Amino acid sequence: MSGNIQLLSDTLAQARSEGRAALIVYFPAGFPTVDGGIEAVKAVLESGADVVEVGLPHSDPVLDGPVVQTADDIALRGGLKIADVMRTVREAHAATGKPILVMTYWNPIDRYGIERFTTELAEAGGAGCILSDLPVQESATWREHAEKQGLATVFVVAPSSKDERLKEITAAGPGFVYAASLMGVTGTRASVGEAAVGGGGGGPRAAPHNPPTPNK
């Protein structure tokens, strides 16, 4: 079974044709429980979100702020496994027909096995994966398996990323680019960095191919 990269592309294109940004929501799998998390993801999609990023909880979420760290800790203490993340994707997609991505650090995939992970994500109806800490220059093996399974690869870019770096990332990652709005961990902000939205004519919006999506 092929993944839903085309569904993701069509959803983003539909939002652009309507003159609006796509609403992409993050929610960690297993919070507050596996079943509760599945219902929450379904509710978010049924309430108007275009895409959901299902977070794969990590014991050391170095890029995340206290809210996500707390949710991850609750999920892991509840015994969450990667199989539960796949179940979350499967049931939420089956119920709504909308694209769902998994957002994760690289280590869990590396330990689980790239082929196994991409195969199971595609079988669950996933649209792709946001890889928080995988450098594009080290991603060839992942991208080979993801492409084979019909999954989008979404890389994260920092506000400090230079034009050449942005071009390299957008060329390598089909789908969209995850543009971090500020240096530092995730969390609520009163504003975003000017560079994150292409201030001064540069930044992610000036890069070709893929539309940027600011971080949560």
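In this predicted model, ring pairs join Trp106, Tyr112, Phe117 and Trp142 into a cluster. The exercises below begin with that cluster.

**Exercise 1.** Determine how many aromatic pairs the structure holds, and classify the pair of tryptophan 106 and tryptophan 142.

*Solution.* The structure holds four aromatic pairs. For tryptophan 106 and tryptophan 142, the ring centres are 6.1 Å apart and the planes stand at 90°. Planes over 60 degrees apart count as edge-to-face, so this pair is edge-to-face. Next, locate the partners: tryptophan 106 belongs to helix α5 (residues 106–112) and tryptophan 142 to helix α7 (residues 140–148).

**Exercise 2.** Classify the pair of phenylalanine 117 and tryptophan 142, and state whether phenylalanine 117 is buried or exposed.

*Solution.* The centres of the two rings, phenylalanine 117 and tryptophan 142, lie 6.3 Å apart, with planes at 55°, so the pair is tilted. Phenylalanine 117 is in helix α6 (residues 114–123) and tryptophan 142 in helix α7, 25 residues apart. Buried means under 20% relative accessible area; phenylalanine 117 has 0% and is therefore buried. Tryptophan 142, with a relative accessible area of 0%, is buried.

**Exercise 3.** Identify the residue that lies over the face of tyrosine 112.

*Solution.* Arginine 116 lies over this face, at 3.8 Å from the ring centre of tyrosine 112.

**Exercise 4.** Determine whether the peptide bond from phenylalanine 31 to proline 32 is cis or trans, and locate proline 32.

*Solution.* Omega is near -5°, and the bond is cis. Most peptide bonds are trans. Proline 32 is found in the loop between β1 (24–28) and α2 (34–46).

Conventions:
Residues numbered from 1 in each chain as written. Predicted model: local features only at pLDDT ≥ 70, side-chain atom pairs only at ≥ 80, totals over all residues. Heavy atoms only, no water. Helix = DSSP H or I, 4+ residues; strand = E, 2+ residues; numbered from the N terminus. Phe/Tyr/Trp six-rings, centres within 6.5 Å; stacked < 30°, edge-to-face > 60°. Buried < 20%, exposed > 50% of the residue type's maximum accessible area, 1.4 Å probe, protein only. Lys NZ or Arg CZ within 6 Å of the ring centre and 35° of its normal.
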